[in-house]
Amino acid sequence: MIKTRPCRIVCAVLMAAFLSVFLCTQIYSLDGHVFDRADIISQNDEEKIEDAIRSCMKESDFDFYVVTHSCKINENSSYNPDIYTGEDFLYENGLSLSDDIIILIITYDHEDDIYYYDMYTYGDAFYAVSQVEANRILDSDSVYSEIKSGNLTNGSIAFVELSSTAATGHLHAPWGKIILISGILAAIIAVISCLFIIGKYKMKIKATNYPLDRFCRLNLTDKADIYTGTFVTRRKISTSGSSGGRGGSRSRSGGGRGHRGGR
């Protein structure tokens, strides 16, 4: 019969309890996708964001998280140790940089009552969402205007939906902006082309004015076109007696062409 010391039993029980608490904490912390650390989102709004995230996760293979943080933003400093980043969220919740995750972090400056936000992508999400698409998402009216005005629920939902659309390759620039920008560029190119052509014609029309009065004595009072004369060339063609009539006809015809050419 093997005897077990009481201290080993106690240590085993404590270790098991510690592991259970640790695993339960991890499972509970990752059970949801909204982490309101600043306590600025109501429970009802958290559920709305959670529903939107679950709906978007069915369409893509990425995990979406919305995190809030409260601190004083020092805009005059390039380094602020109180800023909460995506890496901080990963490390706190046992996630890694290789996980396919898209995170929206909203920082609340409680002193100035201003909301700041940023986007973090990891794993395949980093390559699925380009920098251009990320800027388009963050600058869209449905995200920027809502979050800046304090409507975090609508802004977060819009962010998740746009990020999911971009991750699946279906995010495109608004057609209205494309048409407007294309029209402006076409108008600018057309105006530049017209000015260039008009400038070329003006250069051809303009001729150098020769200053006659500086190099000679000239008093030009009138000008007119005057016919001075006609220069006629005649050519005699030698022919035999049997073809004299035809030769005369050619001579007159030749003379007529010479006359018209001389005028």
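Modeller: Let us begin with α2, whose face turned away from the buried side carries the exposed residues Gln 43 and Lys 58. Exposed stands for over 50% relative accessible area, buried for under 20%, and partly exposed for values in between, with a 1.4 Å probe and protein chains only. The model is a predicted one: local features need pLDDT of at least 70, side-chain atom pairs count only at pLDDT 80 or more, and totals for chains, interfaces and linings use all residues. Residues are numbered from 1 along each chain as its sequence is written, and side-chain values use heavy atoms, with hydrogens and water left out.

Colleague: Which residues of α2 are buried, and what puts them on the same side?

Modeller: The buried residues of α2 are Glu 46, Ile 49, Glu 50, Ala 52, Ile 53 and Cys 56. They lie on the same side of α2 because they cover an arc of only 165° around the axis, the arc being that of the directions from the helix axis to the C-beta atoms. An α-helix has 3.6 residues a turn, so residues three or four places apart point the same way. Among the elements covering the buried residues of α2 are β1 (34-36), β2 and α7.

Colleague: How do you know what span to expect of α2?

Modeller: The expected span of a helix is 1.5 Å times one less than its number of residues. With 17 residues, α2 is expected to span 24 Å, and its reach from first C-alpha to last is 25 Å, close to that value.

Colleague: How many helices and strands does the protein chain hold, and what makes a run of residues one or the other?

Modeller: Helices (H or I, at least four residues) and strands (E, at least two) are DSSP runs, numbered from the N terminus. On that basis the protein chain has ten helices and four strands.

Colleague: What makes a group of residues a nonpolar core, and which members of the largest one touch the most others?

Modeller: A nonpolar core is a set of buried Ala, Val, Leu, Ile, Met, Phe, Trp, Tyr and Cys residues joined through side-chain atoms within 4.5 Å. The largest such core has 30 residues, of which Met 119, Val 129, Ile 147 and Phe 159 touch the most other members. Elements giving two or more residues to this core include β3 (101-109), β4 (114-122) and α7 (152-167); α7 gives the most, with seven residues. Contact requires heavy atoms within 4.5 Å. Beyond four places in sequence, Phe 159 touches Ile 102, Ile 103, Leu 104, Met 119, Ile 137, Leu 138 and Val 143.

Colleague: Why are Phe 35 and Phe 89 called an edge-to-face pair?

Modeller: Rings of Phe, Tyr and Trp (its six-membered ring) pair if their centres lie within 6.5 Å; planes under 30 degrees apart count as stacked, over 60 as edge-to-face and the rest as tilted. The rings of Phe 35 and Phe 89 are 5.0 Å apart centre to centre, with 75° between their planes, and so form an edge-to-face pair. Phe 35 lies in β1 and Phe 89 in helix α3 (residues 86-92), so the pair ties together parts 54 residues apart in sequence.

Colleague: How do you know which charges sit over a ring?

Modeller: The NZ of Lys or CZ of Arg must be within 6 Å of the ring centre and within 35 degrees of the ring normal. Arg 37 lies over the face of Tyr 84 at 4.0 Å from the ring centre, and Lys 148 over that of Tyr 116 at 4.6 Å.

Colleague: Are Thr 68, Thr 107 and Asp 39 buried or exposed?

Modeller: Thr 68, in strand β2, has a relative accessible area of 1% and is therefore buried. Thr 107, in strand β3, is at 7% and therefore also counts as buried. Asp 39, in the loop between β1 and α2, is at 65% and therefore counts as exposed.

Colleague: What is noted about the phi of Asp 39?

Modeller: Phi of Asp 39 is near 55°, a positive value in a residue other than glycine. Asp 113, in the loop between β3 and β4, has a positive phi of about 55° and is not a glycine either.
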